[in-house]
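Hi everyone, thanks for making time.

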Amino acid sequence: MAAVDAEKPLTGQITCGSLLQQLQQIWDEVGESDDDRDKMLLQLEQECLDVYKRKVDHAVKSRALLLQTLADARVELTNLLSALGEKSYVGIPEKTSGSIKEQLAAIAPALEKLWKQKDERMKEFSDVQSQIQKICSEIAGISGQEESPAVDECDLSLKKLDEFHAQLQELQKEKSERLHMILEFVSTVHDLCAVLGLDFFSTVTQVHPSLNDSAGVQSKSISNDTLARLSETVLSLKEDKKQRLEKLQELATQLVDLWNLMDTSEEERSLFDHVTCNISASVDEVTVPGALTLEIIEQTEVEVERLDQLKASRMKEIAFKKQAELEEIFAHAHVEIDTEAARAKILELIDSGNLEPADLLTDMDNQIVKAKEEALSRKDILDKVEKWMSACEEESWLEDYNRDENRYNASRGAHLNLKRAEKARILVNKIPGTVLYYDPFRSTCAVDNIWGSFIARILFYFIFVKR
């Protein structure tokens with residue numbers, strides 16, 4: 001019964017007093033001495049002190065850890081504000097009263113928001129710096145996958161972000177300008193290749209494969225090396241165009257000279273209109289595709305060689321044709337020349353080769369011009385002589401008419417003869433007082449009313465026949 005009673009306190013609420021009371025009952029039953037009881041109580045008290053001490057130590061450490069956490073939170077808060085360039089934050093409590101846990105609970109939402117803001121800001125920085133790095137790599141001509149740029153977490157302020165944005169805008173502007181230059185160079189290369197008859201795609205892809213038209217505009221290389229090589233290509237093509245144009249103009253000049261020399265027909269000349277049309281053009285004026293191809297230059301060279309070989313065989317024909325023109329002019333001007341000697345001299349000059357055919361024909365053209373001038377200077381006197389000779393013929397007819405005894409018969413056509421006789425008398429009456437004389441100082445003819453028809457005939461004979 002006593003044992004059951006001793007176990008009852010264990011079934012209820014256990015306290016230090018109940019346990020001590022139960023311990024004393026057990027000691028009484030056992031018969032423990034007072035000394036043993038005192039030792040055991042002292043030992044029990046010491047053990048309780050050790051437990052309290054451990055609990056206090058643990059509480060102290062927990063408090064210190066919370067204080068350190070609170071301090072770290074405040075430092076982190078300060079660092080975040082500094083990195084984001086913020087002087088203050090609305091969600092941060094100004095007072096530091098309350099327990100440590102309350103203070104931590106008050107700071108936690110602000111920290112969480114600032115951490116989220118920092119992550120978003122870092123993403124913005126990373127995007128801007130990646131674009132800057134990409135454009136810089138394009139300008140430098142660096143290809144391949146590059147590492148993401150490192151973001152400085154200590155400075156995530158809006159001011160720094162604006163600086164990166166400004167740098168990005170400058171680089172985008174430079175990229176746009178470079179791309180415009182690239183497209184202008186490519187267009188110039190295209191036009192030059194079209195004029196020179198070169199393969200455009202082969203030419204530009206030798207500079208850089210991305211310059212092919214199949215590649216997008218934004219995919220074209222804008223590096224310094226590409227710009228330099230494109231510039232060199234344009235200069236090389238322009239120099240080639242200049243040299244080809246000079247060569248073609250030289251050939252075209254020779255072609256025209258040979259045509260003029262040999263009186264080539266317009267139909268035959270029209271076959272090379274695409275060559276002669278650029279005979280006086282500047283380099284920039286020649287823009288027709290295929291105008292300066294090597295094939296056209298070779299065709300023109302072949303034609304010049306062909307005409308040059310044909311020139312010798314046709315020179316005699318052309319020279320004699322001009323000589324015949326010259327003789328005709330002299331004949332109309334009543335000037336006698338030695339045609340046989342002139343033709344023999346032409347043959348001698350052509351066969352000897354001492355005189356260029358062009359120079360010979362130029363000399364003959366000059367003689368023709370002088371002969372025409374001489375004929376023009378004689379035109380006035382020739383007209384007057386013809387009138388005088390016509391009057392003389394009428395005088396001779398009138399004399400025969402006057403000797404005709406049947407002139408007044410009413411025969412057919414008699415009235416016409418009467419009219420002619422009347423006109424002849426009027427004209428003949430002017431002959432004795434009209435004479436043409438030659439002024440050797442002026443090389444002209446004039447009318448004088450002193451001389452008679454006899455002197456006129458003598459002057460005509462010596463001026464036009466014996467001269």
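This is a predicted model: local features need pLDDT of at least 70, side-chain atom pairs count only at pLDDT 80 or more; totals for chains, interfaces and linings use all residues.

Let's start with helix α7, which covers residues 224-262. That's 39 residues, and from the first C-alpha to the last it reaches 57 Å. At 1.5 Å a residue you'd expect 57 Å, so the two are close, going by the rule for the expected span. Just after α7 comes D263, and D263 takes a positive phi of about 50°.

Now, which element gives the most residues to the largest nonpolar core? The core has 66 residues, and the ones touching the most other members are I182, V189, L211, L230, V286 and L292. Several elements give two or more residues to it, among them α3, α4, α5 and α12. The one that gives the most is α7, with 13 residues.

Pick out L211 on your screen. Skipping its neighbours within four places in sequence, L211 is in contact with I182, V186, V204, K220, S221, T226 and L230. There's also a second, separate core of 5 residues, including L326, I329, I368 and A371.

Last, the cysteines. A quick reminder: a disulfide is a covalent bond between the sulfur atoms of two cysteines. How many disulfides do we count here? The count is 0, with the cut-off for a sulfur pair being within 2.5 Å. Take C48: the nearest cysteine sulfur belongs to C16, and that's 6.2 Å away. C48 counts as partly exposed, at 37% relative accessibility, while C154 is exposed, at 64%.

Technical notes. Residues are numbered from 1 along each chain as its sequence is written. Side-chain values use heavy atoms; hydrogens and water are left out. Buried means under 20% relative accessible area, exposed over 50%, partly exposed in between (1.4 Å probe, protein chains only). Helices (H or I, at least four residues) and strands (E, at least two) are DSSP runs, numbered from the N terminus. A nonpolar core is a set of buried Ala, Val, Leu, Ile, Met, Phe, Trp, Tyr and Cys residues joined through side-chain atoms within 4.5 Å. Contact means heavy atoms within 4.5 Å.
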